[in-house]
Amino acid sequence: MIHYAARRILMLIPLLLFISVLIFSILKLTPGDPAIVLLGERATEESIQLTREKFALDKPFHVQYVKMMKNLATGELQSIYYHENVVRVVMDRMGPTLELGLFALAIAIAVSIPAGIISAVKRNSVFDYASMVTALFGMSIPVFFTGILMIYFFAVKLRWLPVSGYGGHFWTLDGLRHLLMPSLVLSFTMMASTTRITRSSMLEVIREDYIRTARAKGVTERSVVLVHALKNAMVPITTNIGNQLARLFAGAVLTETVFAWPGVGRLAVNAIFRRDEPLVFGAVLILSAIYVLVNLLVDLLYAVMNPQVRYE
């Protein structure tokens, strides 16, 4: 497994280089001059030219790309707006994003896996139909629309929760009240897909011969479902959870924007509007690296869950 992990990590280098070229190309295809956006339309031509020279905006595409990658690798890449190191700015916002994402993940797992198990065991029941319809709605409704609806009902109408903002860490009452709505919104899509995957995986497993054998031996239904069936159904479920965990950072962009959550997603959105190219480049590349690393960890977990899996 160590050799497999080492090969996969080495494969990430060309992948991240390709992603970096793609991100940089999209930035350069964006209409408008970053120097004019930064200084304003009333800026003089001389100040605009000086800004272009300062940030190498007047250089050819490949020269700008190499310079940006070099500065990022050496820790010298500076945000145009914040005048600070890009990596430091992103890491300062990573805490709220991780807090939001992990809390949403915990809610989704706590709700979706039991719902999927019950739907599989009580197939074609009222609970099964209700959970599948709810999952279909959860996968269909956009994150930003769900967020706006929750703000309207729970913050504006009922006044139970704050409209937006960050109230501190989740272990404080104010922090938990601010965290509850955005984490619920972010977990809806994950709840939907994980419930469906859990149900289908459990339905496939409980038809196996060893499940019938366990029941014939007198094993309790609780042990049959939670020990024998669920353990063997966890591989596709874990794959889905790992993919959703990586996608939580992408969904956090919309969620953090709607709820004014001070995370990396909102930081990247604001940087796009400000045409802060170094900050956009660094933030998106760091999120992409997290995405591929999470997928690698999910692959390595297969051998832990299923001893038959071996990496050569």
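Me: Which element gives the largest share of the nonpolar patch?

Reply: That's α7, with 7 residues. Keep in mind that this is a predicted model. The patch covers about 1100 Å² of surface, and its members include Phe-144, Phe-145, Ile-148 and Phe-153. Two elements, α6 (126–140) and α7 (143–157), each give two or more residues to the patch.

Me: Why is Phe-137 called exposed?

Reply: Its relative accessibility is 52%, and exposed means over 50%, so Phe-137 counts as exposed. Phe-137 sits in helix α6 and belongs to the nonpolar patch.

Me: What about the largest pocket: how much space lies in it?

Reply: About 410 Å³. There are 19 lining residues, and the closest to the centre are Thr-134, Phe-137, Gly-138, Phe-188 and Met-191. So Phe-137 turns up here as well as in the patch, with the definition of a lining residue being an atom within 4 Å of a pocket point. Helix α6 gives the largest share of the lining, 6 residues.

Me: What makes Asp-209 and Arg-212 a salt bridge?

Reply: The N to O distance is 2.2 Å. The cut-off is within 4 Å, so the pair qualifies. Both residues lie in helix α9 (residues 209–216), 3 residues apart, about one turn of the helix.

Me: Is Asp-209 exposed or buried, and why?

Reply: Exposed, because its relative accessible area is 51% and the line is drawn at over 50%.

Me: Why are Arg-275 and Glu-277 called buried?

Reply: Buried means under 20%. Arg-275 has a relative accessible area of 10%, so it is buried, and Glu-277, at 3%, counts as buried too. The two form a salt bridge, with the closest N and O atoms 3.1 Å apart. Lys-28 is linked with Arg-275 and Glu-277 in a network of salt bridges.

Conventions:
Residues are numbered from 1 along each chain as its sequence is written. This is a predicted model: local features need pLDDT of at least 70, side-chain atom pairs count only at pLDDT 80 or more; totals for chains, interfaces and linings use all residues. Side-chain values use heavy atoms; hydrogens and water are left out. Patches are made of residues with over 30% relative accessible area and no salt bridge: like charges are joined within 9 Å, nonpolar side chains (Val, Leu, Ile, Met, Phe, Trp, Tyr) within 5 Å. Accessible areas come from the Shrake-Rupley method with a 1.4 Å probe; for residues, only the protein chains shown count as cover. A salt bridge is a side-chain nitrogen of Lys or Arg within 4 Å of a carboxyl oxygen of Asp or Glu. Helices (H or I, at least four residues) and strands (E, at least two) are DSSP runs, numbered from the N terminus. Buried means under 20% relative accessible area, exposed over 50%, partly exposed in between (1.4 Å probe, protein chains only). On a 1 Å grid over the protein atoms alone, a cavity is a set of points where a 1.4 Å probe fits but cannot get out, and a pocket is an open set with protein on both sides within 12 Å along at least five of seven lines; lining residues have an atom within 4 Å of a point. Grid points are joined across faces, edges and corners, and a volume is the space filled by probe spheres set on the points.
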